[in-house]
Amino acid sequence: MGQLSVTLGILLLCATGSRGGNICTTRGVNSCKQCLAVSPLCAWCSAEVWVQSTPRCDLRANLLHSGCGQDHIESPRSSVTILEDRPLSNKGSGGSTTTQMSPQRIQLNLRPDDSQVFHVQVRQVEDYPVDIYYLMDLSNSMKDDLRNIQNLGTKLASEMRKLTSNLRIGFGAFVDKPISPYMYISPPEAVENPCYEIGETCLPMFGYKHVLSLTDEVTRFNEEEKIGWRNDASHLLVFTTDAKTHIALDGRLAGIVQPNDAQCHINKDNFYSATTTLDYPSLGLMTEKLSQKNINLIFAVTDTVVGLYQNYSELIPGTTVGTLSRDSSNVLQLIVDSYGKIRSKVELEVRDLPEELSLAFNATCLNNEVIPGLKSCVGLKIGDTVSFSIEAKVRGCPQEQQKSFTIKPVGFKDSLMVLVNFDCECSCESHAEANSPSCSRGNGTLECGVCRCNPGRLGSHCECSEEEYNPSQQDNCTPRPGQPLCSQRGECICGQCVCHSSDFGKVTGKYCECDDFSCVRFKGQMCSGHGQCSCGDCLCDSDWTGDYCNCTTRTDTCMSSNGLVCSGHGSCVCGRCECTQPGSYGDTCEKCPTCPDACTIKKDCVECKKFERGKLVEQQSCSRVCRDEIETVQELSDRGKDAVNCTYKDENDCVMRFQYYEDSSGKSILYIIEEPDCPKGPDVLVVLLSVTGAILLIGLAALLIWKLLITIHDRREFARFEEEKARAKWDTTHNPLYKEATSTFTNITYRGNM
């Protein structure tokens, strides 16, 4: 980033130079120190013999071309020097000093408004020692929980031994300030026994008691000096309660107005002795002390107050929150899960940064992908190494020429000490010659090739006195004939403009044409308070841009909890998210009821990471968007409520099944069925037989239908005939023409009755 900005600056200066000038020659500077403050690319020629019409403040190449010798060019270079760089360790319990951050000390040499980029690496080493201090609320509402933690030491040691071979555990307890209105003072019996009115026996109220210092004798935790944090260990403070907490200024209810001094105040009985005299600490004070002691805070609280402590965790770096069951039966798993979350994240914090410096971070977390504007990495495994590139830029020239600051991972003892030297002075200033003969016989000091005249003397060689006057010299005080002398903001004395002083700022330039107060303002502040006014133009600080310097180029304020800029639902404009996904809203566009669900989103990750296809591959954003681990399985198992089973049909009409799972450390895993369910190709014989059978069935069905229709038609015709026959009426009479068909024969042999 720093090299890119220098390159763009050179192109800009060369472009302006082709039009007859550049930023170095147009600012009207008359000393080496002023020249260095104009731009990191400007150089000064300190040669005593110099053509008067040629500017001494110019680009290095131009000065060399104009005949200035290399030895006379003042142009300090910004640089980075590594002072201490121990290699990163692989294991934490090897006996030697463990190093989890590299380098350890560097030195920056910065000239005004210049920047330099340096790199750091951080590694979560294996088998790193762990110190756990269990701080428990012993109020009466937590009495059931006390029974469940009596054997916590042994159980916790057994589980944590799977993660580290070097574990120490300590214990402390608290209730509240033993003073009204935080405790009952009536009846008198309630002072010694706060549970008097409910018929139970409780210990008297106390603020805090240190019970057991950190020890590897974990059995002592089951039974019952100072806590004893080790330098080479992870520090975990487990805070358990079922109630809200007090913070600074709450002590005024009891008349306590003295602020908390962040000191130990443990008496010989291991009680906190200042509980009735000092107010509660503020969140800022707690954050500061936790950072100093490299302590990761774990809030183990019940579901009734978990929302409050989640809000606290957003304000205190390195803090995790877990929901404690009513009887604390799940506290063991909660501690193990929280430790996993802590070890899966690396986040950098900056201490004592000088106000003249600004830092811009880029993170390289997984898959060697650079994520701009991010100073944290999540989803890491123990042994992973991440790196950060950090650009440091100085604004102006600080009064103190040397300062320092520290960069460290949250919860780590390791840190990087950065020493900063501000190169605001020219080396030739140390060789200044007072009352030099070159300055009109001792009327000035020869410094860096130019005369710095004594009071009352003017001119390039102090050859003119203010008392002298020559009208012809006024022509040298205007850029063109007809223009006002010294831009009407100065007096022409001895052919040289002496600029008037102004209550608003400084008037400079050969013709008093420049000042540092005529730039545009935004919300009442010149250059929005993020730049410097130089001859009417805003020179923006690092990470700021725009005519008003009111638009930041940083994107860390737009980073959402999933590590994406604006949650992938918008773009970061001037440090704020502009949500482009319909239905999305929130500071980082994290809320979107109508956005695709987890299955729809992770479907693209399965396509690009498993099969190397899809829109994320085309956009070359797979490794940036999808930070999930891919595991191929034969069947999807039940992983509880944190797992989501998903199904979709790909471009080949194959049914893909996968499971989206997020473990306790926040790491996302996609379990994908090895073989998709794809439709099989057609069987020709089956198709042929099916078609033939279909034709026969259709023919048979048609024949049956035809026969059925014919039968129905015949029956209808016969029924109609019968009906007409029944309705017919016939007349009956004798037909005279009718003769019966009867014949009579006589038997001649017949004699009758004999």
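**Notes on a predicted model**

1. The coordinates discussed here come from a predicted model. Within the largest nonpolar core, which has 32 residues, Phe118 and Phe388 are the members that touch the most others. Two or more residues of this core come from each of strand 6 (105-110), strand 7 (115-123), strand 14 (346-351), strand 15, strand 18, strand 19 (402-409) and strand 20 (416-422). Strand 18 gives the largest share, five residues. Another core of 26 residues lies apart from this one, and among its members are Met136, Met160, Ile298 and Ala300. As a general background to both, nonpolar side chains tend to be buried together in soluble globular proteins.

2. As for the protein overall, there are 14 helices and 40 strands, and buried residues account for 41% of the 754 residues. The exposed surface comes to about 43,100 Å², of which carbon and sulfur atoms supply 51%.

3. Strand 15 (residues 357-364) and strand 18 (residues 385-394) run antiparallel and are joined by eight bridges; Ser358 stands opposite Lys393 of strand 18.

4. A parallel pairing can be seen elsewhere, where strand 12 (residues 295-302) and strand 13 are connected over six bridges, and where Thr302 is placed opposite Leu324 of strand 13. Strand 13 (residues 319-324) is mostly covered, in that five of its six residues are buried.

5. Which residues of helix 8 are buried, and against what do they pack? In helix 8 (residues 283-292) the buried residues are Leu283, Leu285, Thr287, Leu290 and Ser291, and they pack against strand 12, helix 9 (306-315), strand 14 and strand 19. After helix 8 comes Asn294, which has a positive phi near 55°.

6. Helix 10 (residues 331-343) consists of 13 residues and spans 18 Å from its first C-alpha to its last, close to the 18 Å expected at 1.5 Å a residue. Its buried residues are Val331, Leu332, Leu334, Ile335, Val336, Ser338, Tyr339, Ile342 and Arg343. When reading such a list, a colleague may recall that an α-helix has 3.6 residues a turn, so residues three or four places apart point the same way.

7. Ser75 sits in the loop between strand 3 (73-74) and strand 4 (79-84). Is this serine buried or exposed? Ser75 counts as buried because its relative accessibility is 14%, which is under the 20% cut-off. Beyond its neighbours within four places in sequence, Ser75 is in contact with Cys42, Ala43, Arg60 and Arg111, and the side chains of Ser75 and Arg111 are joined by a polar contact of 3.3 Å.

8. Some backbone details deserve a second look in the structure, given that most residues other than glycine have a negative phi, and most peptide bonds are trans. The peptide bond from Ser102 to Pro103 is cis, with omega near -5°, and Pro103 belongs to the loop between strand 5 and strand 6. A cis peptide bond also leads from Ser180 to Pro181, here with omega near 10°; Pro181 is in the loop between strand 9 (167-174) and helix 6 (189-192).

9. Positive phi values in residues other than glycine include those of Ser440, near 50°, and Cys527, about 55°. Ser440 is part of the loop between strand 20 and strand 21 (444-447), and it counts as buried because its relative accessible area is 17%. Cys527 is placed in the loop between strand 30 (525-526) and strand 31 (531-534), and Cys527 is likewise buried, with a relative accessibility of 0%.

Note on methods. Residues numbered from 1 in each chain as written. Predicted model: local features only at pLDDT ≥ 70, side-chain atom pairs only at ≥ 80, totals over all residues. Heavy atoms only, no water. Helix = DSSP H or I, 4+ residues; strand = E, 2+ residues; numbered from the N terminus. Buried < 20%, exposed > 50% of the residue type's maximum accessible area, 1.4 Å probe, protein only. Polar contact = N/O pair within 3.5 Å; in protein donor to acceptor, adjacent residues only side chain to side chain. Contact = heavy atoms within 4.5 Å. Pairing = 2+ DSSP bridges. Core = buried A, V, L, I, M, F, W, Y, C linked by side-chain atoms within 4.5 Å. Expected span 1.5 Å × (residues − 1). Areas by Shrake-Rupley, 256 points an atom, 1.4 Å probe, with all protein chains shown as cover.
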